[in-house]
Amino acid sequence: MASDGKVVISTALDNKGLEKGLGSIAGSLGGLAKTVTKTAAVITTAFATAAVAITKQSAEAYAEYEQLAGGVETLFKESADKVKAYAEDAFYTVGISANEYMAIVTSFSASLISSLGGDTEKAADVANMALVDMSDNANKMGTNIESVKTAYQGFAKQNYTMLD
């Protein structure tokens with residue numbers, strides 16, 4: 001046998017394993033795509049539900065604001081804008097919403113205005129002072145704000161000259 005210095009290697013590749021692996025990857029990606037689609041549908045539904053709830057709550061809060069503002073206008077007449085301005089700042093000065101501020105003020109304002117001889121501007125200032133004091137007392141003493149509100153509403157049965 002003569003040798004020419006060459007080595008010949010004969011190979012035959014079997015691509016069945018490659019095809020099986022690619023098929024498995026494709027199946028996994030298909031399952032992942034289904035999972036992502038289902039998850040996206042759930043997330044979309046959750047966002048839609050939250051948007052509806054937020055819209056509903058916003059509409060209800062605004063309706064309540066309008067009702068309370070009407071009460072303030074009826075009770076405070078030409079000084080109503082002053083009370084509304086205090087209400088807008090209530091979150092910063094008292095730590096409550098504008099709606100809650102107006103609800104509290106209107107709960108005792110008839111007696112307050114009467115005790116001040118009908119002076120609605122002074123009543124607006126005294127009501128604001130009362131709510132700021134209420135908040136300060138609750139914060140400094142650790143008292144439940146509801147207890148302080150109840151006390152101030154009890155004052156409505158008497159007079160407000162002591163707040164002057």
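User: What should I know about the model before reading it?
Analyst: It is predicted: local features need pLDDT of at least 70, side-chain atom pairs count only at pLDDT 80 or more, and totals for chains, interfaces and linings use all residues. Residues are numbered from 1 along each chain as its sequence is written, and side-chain values use heavy atoms, with hydrogens and water left out.

User: What's the average pLDDT of the protein?
Analyst: The average is 76, and 76% of the residues score at least 70. pLDDT is the predictor's confidence in each residue, from 0 to 100.

User: How much of the protein is buried?
Analyst: Of its 164 residues, 24% count as buried. Buried means under 20% relative accessible area, exposed over 50%, and partly exposed in between, using a 1.4 Å probe and protein chains only.

User: And what is the accessible surface?
Analyst: About 11200 Å², with 59% of that belonging to carbon and sulfur atoms. The areas come from the Shrake-Rupley method with a 1.4 Å probe; for residues, only the protein chains shown count as cover.

User: Back to α2. Which residues are buried there?
Analyst: In α2 (residues 80-88), Ala80, Val83, Lys84 and Ala87 are buried. They sit on the same side of α2, because they cover an arc of only 100° around the axis. That arc is taken from the directions from the helix axis to the C-beta atoms. On the other side, Asp81 and Glu88 are exposed.

User: Why would residues a few places apart point the same way?
Analyst: An α-helix has 3.6 residues a turn, so residues three or four places apart point the same way.

User: What does Lys84 pair with?
Analyst: Its side chain meets that of Glu73 in a salt bridge, at 2.3 Å from N to O. The pair links distant parts of the chain, with Lys84 in α2 and Glu73 in α1 (residues 16-76), eleven residues apart. Lys84 is buried at 14% relative accessible area, whereas Glu73 is partly exposed at 40%.

User: How many salt bridges does the whole structure have?
Analyst: Three. The criterion is a side-chain nitrogen of Lys or Arg within 4 Å of a carboxyl oxygen of Asp or Glu.

User: Which residues form a network?
Analyst: Salt bridges link Lys82, Glu121 and Asp125 in a network. Glu121 meets Lys82 at 3.3 Å, N to O. Glu121 lies in α5 (residues 120-141) and Lys82 in α2, so this pair ties together parts 39 residues apart in sequence. Asp125 meets Lys82 at 2.9 Å, N to O; that pair also links α5 to α2, here 43 residues apart.

Key. Helices (H or I, at least four residues) and strands (E, at least two) are DSSP runs, numbered from the N terminus.
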